[in-house]
Amino acid sequence: MEPSAGDRFLRLLIEHTDDPVLLEATVRAARGRSELVAALPEEETRRHTRALVHGVLAALEDGRPSEEVLAAAERLGSDRARQGVPVAAFLDGFQAGRAHLVRALVADGRRMGVPDAALLDGVTRIDEITTALVRRMVHAHRVAELEMARTVREGRLQMLRQLLHGESVPVLAPLDPRAAYHCVVSDVSDPAVAGRLESALTAAGPGLCGLVDGRLAALVARLPGPRAPVAGPPGPLLVAAPPARPGEIAPMYALGRRALRAGAAAGLTGMRELADLALLTATEAEPELGGLLAGTLLPGLDPGEPFHRDLAETALAYLDHGGRIEPTAAALHVHGNTVKYRIRRFQELAGRPLLAPGAGAAVSRSANWWWALHRWLARSGA
């Protein structure tokens, strides 16, 4: 509608809307306040400034911003996000341009004799309109940022999945095709928990994390230190493979998943090296052979007898601690004499010594005992 004769501030704004001098000064103010806005093409800033000035005028005439004006504000916010301008930087430029425009209008209004009350009312209305525009700009900026982040992240996750599955794919940032990375696998499927673990895994260096085959997997340049929360119990089990280049990581992923299943079955938690789980992983893959060993070496143990389970757990801990009494007792939270008694009773029931260093083939015999005990305990606890 046409402005009334009494709305002198509105007439003043109409007169200045197409003033090239004022427009250029407003553009300079916006660019001078924000280095990132200043780095954009000047015509880009001028185009958006002109559109917003016309939009504010239309809103003053109509009483509120039109959908067209709000859409222009959204385009500005979205464009700035896609141009890499942070929301704070582009708002600095917007507010600087707005402040310059208002100061110029107020100064001219006073020279023209516009009453202060009319000027104050006009500035207040401009503030209301620009506040609505800012809300739309910020929202559109955030939406665009999320869309871009999602697109980038989805591309990176797809690359991670392809690398872990052994597909030939270009290795892009944040990975370096010439660098070596630890493949870390876990049984975590909850996105919230996975997000926390991702932050911990990438805190020590560059890497890429995501849900692969329904579980969190990662390629990281460096593993978290031993004091990191993700490294020890009682956190979820994570298995870390030795470093390998991205194009050679698929076998590590497959081994890591096998070790993860074996470690989970054994009740392990925290960060574990794949190499440390080699025996557990290999034996877990042959349950029938393990059952045969258990039947051969442990015929005197009764799965239904709780004390026999105590004996088997003590024998296994004894092997894990190199046949040393005190470390075994500490691990089981019992007295050393209790360990000695249980080992003696175990050997009586088994009919053979648990450790016989002088008999030869000590390593293979210890491995057989260890495997048989693991399998017997797994079956007796089922």
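How many helices and strands does the secondary structure of the protein come to? The answer is 15 helices and five strands. Both are DSSP runs numbered from the N terminus: helices are H or I with at least four residues, strands are E with at least two.

## Basis of the model

This is a predicted model, in which local features need pLDDT of at least 70 and side-chain atom pairs count only at pLDDT 80 or more, while totals for chains, interfaces and linings use all residues. Residues are numbered from 1 along each chain as its sequence is written, and side-chain values use heavy atoms, leaving out hydrogens and water.

## Domains and overall shape

The domain assignment gives domain 1 (5–147), domain 2 (181–274) and domain 3 (286–381). Such bounds come from an automatic or database domain assignment. The centres of domain 1 and domain 3, taken over C-alpha atoms, are 79 Å apart.

The protein has a radius of gyration of 36 Å, whereas a compact globule of 382 residues would have one near 21 Å. That radius is taken over C-alpha atoms, and the globule rule is 2.2 Å times the number of residues to the power 0.38. Along the principal axes, the C-alpha atoms fill a box of roughly 115 × 45 × 30 Å.

## Surface and burial

The accessible surface comes to about 19,800 Å². Carbon and sulfur atoms hold 55% of it. Areas come from the Shrake-Rupley method with a 1.4 Å probe; for residues, only the protein chains shown count as cover. Of the 382 residues, 43% are buried (under 20% relative accessible area; exposed is over 50%, partly exposed in between; 1.4 Å probe, protein chains only).

## Nonpolar cores

A nonpolar core is a set of buried Ala, Val, Leu, Ile, Met, Phe, Trp, Tyr and Cys residues joined through side-chain atoms within 4.5 Å. The largest has 52 residues; L164, C183, L219, L298 and F346 touch the most other members. Helix α15 (residues 362–380) gives the largest share of this core, seven residues. Domain 2 (181–274) and domain 3 (286–381) both contribute, so the core lies between them. Another core lies apart from it, with 30 residues, among them V53, V69, A73 and V106.

F346 has contacts (heavy atoms within 4.5 Å) with residues including L298, L311, W369 and L373, not counting residues up to four places away in sequence.

## Cysteines

The structure holds zero disulfides (pairs of cysteine sulfur atoms within 2.5 Å). C183 is buried at 2% relative accessible area, and C209 is buried at 1%.
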